[in-house]
Every structure is written in structure tokens, then in C-alpha cells.
Amino acid sequence: MAAVVGFVLGESFTNPEIAELTVSESENLVYIRKAGAVGFDGLQSLEDLRNNWNKLIDVAGLTPDERREAVRLFNSKVEKVPGMEV
């Protein structure tokens with residue numbers, strides 16, 4: 001999750017860091033590309049990633065406004081790629 005948080009915040013907390021998170025059009029899978037990698041080198045369920053993100057921000061003690069901003073940032077950083085249906 002440190003790599004995901006770093007990606008969403010535009011920070012580097014891991015080495016290698018995540019360079020790209022892309023969601024299939026049907027939103028079943030998240031494709032992960034690490035910095036310096038050619039092509040995607042990881043897959044994850046979008047549902048699992050969202051659940052983990054929400055659990056993380058639950059325990060962070062955010063205000064309602066901060067929580068909305070955390071969700072907005074997550075959604076803005078995880079982009080859909082048309083035509084990548086599973």
C-alpha cells in the first residue's frame with residue numbers, strides 16, 4: 001500500500017515506485033507498471049485495491065473533507081483504458 005499511496009500522492013515511498021495504475025474498461029482488473037519497466041508487470045483486483053484504500057483512509061482518522069479528497073485523488077490517479085475489457 002505504500003507504493004499505492006506514493007503513486008496517488010505523487011511521492012516516492014518505495015523503490016521501484018509505481019509509474020502507472022490502469023483499470024480495464026469493465027473495472028475488474030488494475031494493471032500496474034513499475035517505474036523503469038516496459039509494459040505492465042502486475043495485476044490486481046480493482047475491488048481489492050479500492051477496499052484496501054478505503055480501509056487505509058478509515059484508520060487514518062481523516063475528516064470528512066480529507067476523506068473526500070483522498071477518494072478524489074485515488075479516482076483521478078487510477079485511469080481507465082478504453083477497449084481493455086476482460
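This is a predicted model: local features need pLDDT of at least 70, side-chain atom pairs count only at pLDDT 80 or more; totals for chains, interfaces and linings use all residues.
Helix α2 is made of 14 residues, and 20 Å separate its first C-alpha from its last, close to the 20 Å expected at 1.5 Å a residue. Its buried residues are Leu46, Leu49, Trp53 and Ile57. These residues lie on the same side of α2, because the arc they cover around the axis is only 65°.

Turn to the other side of α2 and you will find Glu47, Lys55 and Val59, which are exposed.

## How α1 meets α2

Helix α1 spans residues 2-9 and helix α2 residues 46-59; the two pack with their axes 11 Å apart, at an angle of about 85°. Angles of 65 to 115 degrees count as roughly perpendicular, and α1 and α2 are therefore roughly perpendicular to each other.

Which residues of α1 and α2 meet? From α1 come Val4, Val5 and Val8, and from α2 come Leu49, Trp53 and Leu56. Sorted by class, this contact of α1 with α2 has 6 nonpolar residues, with no polar and no charged ones.

## Ala3 and its contacts

Ala3 also belongs to helix α1. Setting aside neighbours within four places in sequence, Ala3 is in contact with Thr14 and Ile18. Ala3 and Thr14 are 11 residues apart along the chain, and their C-alpha atoms are separated by 5.6 Å.

Notes: Residues are numbered from 1 along each chain as its sequence is written. Side-chain values use heavy atoms; hydrogens and water are left out. Axes are lines fitted to C-alpha atoms, for helices over the stretch in contact, and angles run from 0 to 180 degrees between N-to-C directions. Helices (H or I, at least four residues) and strands (E, at least two) are DSSP runs, numbered from the N terminus. Angles under 35 degrees count as roughly parallel, over 145 as roughly antiparallel, 65 to 115 as roughly perpendicular and the rest as oblique. Contact means heavy atoms within 4.5 Å. Ala, Val, Leu, Ile, Met, Phe, Trp, Tyr, Cys and Pro count as nonpolar, Asp, Glu, Lys and Arg as charged, and the others, Gly among them, as polar. The expected span of a helix is 1.5 Å times one less than its number of residues. Buried means under 20% relative accessible area, exposed over 50%, partly exposed in between (1.4 Å probe, protein chains only). The arc is that of the directions from the helix axis to the C-beta atoms.
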